[in-house]
Amino acid sequence: MNIHEYQAKEIFRKYGIPIPPGEVATTPEEAEAIARKFGTTVVIKAQVHAGGRGKAGGVKLAKSPADAKSIAEQILKLTIKGLPVQKVLVTPAADIASEAYVGIIVDRASKRPVFMASPAGGIDIEEVAAKTPDKILRRPVDPRYGLQLYQAMELAFFLYSDMKQVRAAAKILQQLYKAFFENGGSLAEINPLVTTPTGDVVALDAKMVIDDNELERRPDIAALRDESAEDPSEVEARKASLTFIKLDGNVGCIVNGAGLAMATMDLVKYYGGEPANFLDIGGSSNPEKVVAALRIITSDPNVKAILFNIFGGITRTDDVANGIVTAIKQNPLRVPLVIRLTGTNEEIAVKILKENGLSAMTDMDEAVKKAVALATGKAA
Amino acid sequence: MSIFIDKSTRLIVQGITGRDGSFHTKQMIEYGTQVVGGVTPGKGGQKFEDKVPIFNTVAEAVKATRATATVIYVPPMFAADAMMEAADAGVRFIVCITEGVPVLDMTRVNPFITEKGARLLGPNCPGLISPGQSKVGIIPGRICTPGPVGLVSRSGTLTYEVVYQMTRSKIGQTTCVGIGGDPINGTNFIDCLDAFEKDPTTEAVVMIGEIGGTDEQEAARFVREKMKKPVVGFIAGQTAPPGRRMGHAGAIISGSAGTAAEKMQAFEENGVGVAKRPIDVVDLLKRAMR
């Protein structure tokens, strides 16, 4: 789960990480009032679940409250990577002497959290990683013990030479690790971590991603979810325990299992079509899930054909068949439907479909070809 | 022969009385797996289906049944504890089916299991099956048939699809292993490739990967450097869109976005046959085994 910068900053503040004050505005007038309160040049930052905000024009300086109002108005009209900006963070502009990067992520390869630090922070950190990898120090952390002081010091010495700054940074790193670990993070990042002309070390940005699997045992973190910042169809899918990602094509796909769902999309493309979505109905399916899946898919006006690809294991194909029949009775389809199902209770499923005037195929490639032909209007 | 499990495998089921656990225990027994016991805290002394003894703890179950393997069907918040309990009780092969285990839990479980000398498969995996001998987990038995091909996959239903197409084309399997799709899991591709290379009855191997991470690329290098048997592979997610990534750390850490194209290229460069569609696995195998 993504959380906003201002939410991540609130968490980091609780752990004692030095972060300049800031307040959230949803209207230009609010932004103006906050800027007036701070009485100094402010930065207006779009709060949206996408990277590259600065490059998209979502982060700007405002020298006066009036300035803040007009800039907030511009930013609140932006759409960044498909997501409309609905909130901005207003924070006093800081004088910056140097910019560093610190971040922590769970690393698949070493099977541990890994800390990363680079003295070359700022917006082009990925380029730094690609072109000058020696400017990034990586240190794995044993989660049973946490980030030890000597490890934090080693990372901090990589960033700074001034002893006061090294100690300050080491403390920030240890607290960042705690914030990451105790809140079920899969990523925590400060970019940039800056030094000011007076020598203080301050976090100017904050990013945190929470492992979705942690939310069940962390209701306070789960409550940070901002549904208005997510794609509405993805929100509906999550509520129905489906995994859904909208794409630009016209073949709607409903599949059980992520791997098979991706392979189905690949086949759609292979046979000359374009998938409209990724949709995984998951393992233990029930008919209601299928009804929800069809509702989400049919609400996309681009969809010209719908393809079910179900390989029953835990998933009972008769449940899926019942779901399809129920959904169509509630809401007759306006586009053609291709059903491929095989596996658990296949005979019952085929009977249910037949009784309701539907038919099923058993071969995946044939089903995909048919769906693509129907979507492109090339079907005989 | 086979890898990891065979006719002699003595299995216990953690969470045997739960909804998924009980359903799949029946299926495993029906398939011929030796299910020697189950564990559900508070139900010790009872019997599952009037046959399989239930214990309160894994330690008791192991002592009474001489179990060599366990399969875990407990809810995600209890899965880490179940895996550690099994390893501590001396179970050598631990299969965790549970989906939704927090990743940070796995960062603690993994070193613990390694220190105990046990092997973990999963979590969030379909388990494994040695056709005609034993199955541990949820892979449907009837889509498999005994034969000379080993299969290892990160996926669940996509594995079924490929196995089904192999079986339809009369290509049987020694063992089909689903390693699971979680970022941190126990047994990986290389562990399975190594075991298949050493298994005298396996003649060729199928490897099914997905986008994300670099495991498939490393596995491909292992094939070139350490294996004599032919390996063919498929990668799901060739059309997956680049995600709305938040942080930078993922790309920095691996130096790779883990795209399907990257992985297929690694297959090609290291002599792993690349299937463009799942069905192409069949033809590649036929050619490789000629």
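**A tour of two chains**

Select A:Ser241 to begin: at 48% relative accessibility it counts as partly exposed, because that value falls between the 20% and 50% cut-offs. The model is predicted, so the angles given at each stop are those of a predicted model. A:Ser241 sits in the loop between helix H8 (232–239) and strand S13 (243–246) of chain A. Check its backbone: phi is positive, about 60 degrees, although the residue is not a glycine.

Stay in chain A and move to strand S10 (residues 185–195), which holds A:Pro192. The peptide bond leading from A:Asn191 into A:Pro192 is cis, with omega near 15 degrees.

Now go to chain B and select the loop between strand S7 (119–121) and strand S8 (127–130), where B:Pro123 lies. Here the peptide bond from B:Gly122 to B:Pro123 is cis, with omega near 10 degrees. B:Asn124 is also in the loop between S7 and S8 of chain B. B:Asn124 has a positive phi of about 55 degrees and is not a glycine. At 23% relative accessibility, B:Asn124 counts as partly exposed.

Next, select strand S5 (residues 69–72) of chain B. Which of its residues point which way? B:Ala69 and B:Val71 point one way, B:Thr70 and B:Ile72 the other, and all are buried.

Strand S1 (residues 10–14) of chain B runs parallel to S5(B), joined by four bridges; B:Ile12 stands opposite B:Thr70. Strand S6 (residues 93–96) of chain B is also parallel to S5(B), again with four bridges, and B:Phe93 in S6(B) is the bridge partner of B:Ala69.

Finish by showing helix H3 (residues 76–88) of chain B: with S5(B) and S6(B) it makes a right-handed β-α-β unit.

Terms used: Residues are numbered from 1 along each chain as its sequence is written. Chains are lettered from A and ligands numbered from 1 in the order in which they are written. This is a predicted model: local features need pLDDT of at least 70, side-chain atom pairs count only at pLDDT 80 or more; totals for chains, interfaces and linings use all residues. Side-chain values use heavy atoms; hydrogens and water are left out. Buried means under 20% relative accessible area, exposed over 50%, partly exposed in between (1.4 Å probe, protein chains only). Helices (H or I, at least four residues) and strands (E, at least two) are DSSP runs, numbered from the N terminus. Two strands pair if DSSP finds at least two bridges between them. A crossover is right-handed if, with the strands pointing away from the viewer, the path from the first strand over the helix to the second runs clockwise.
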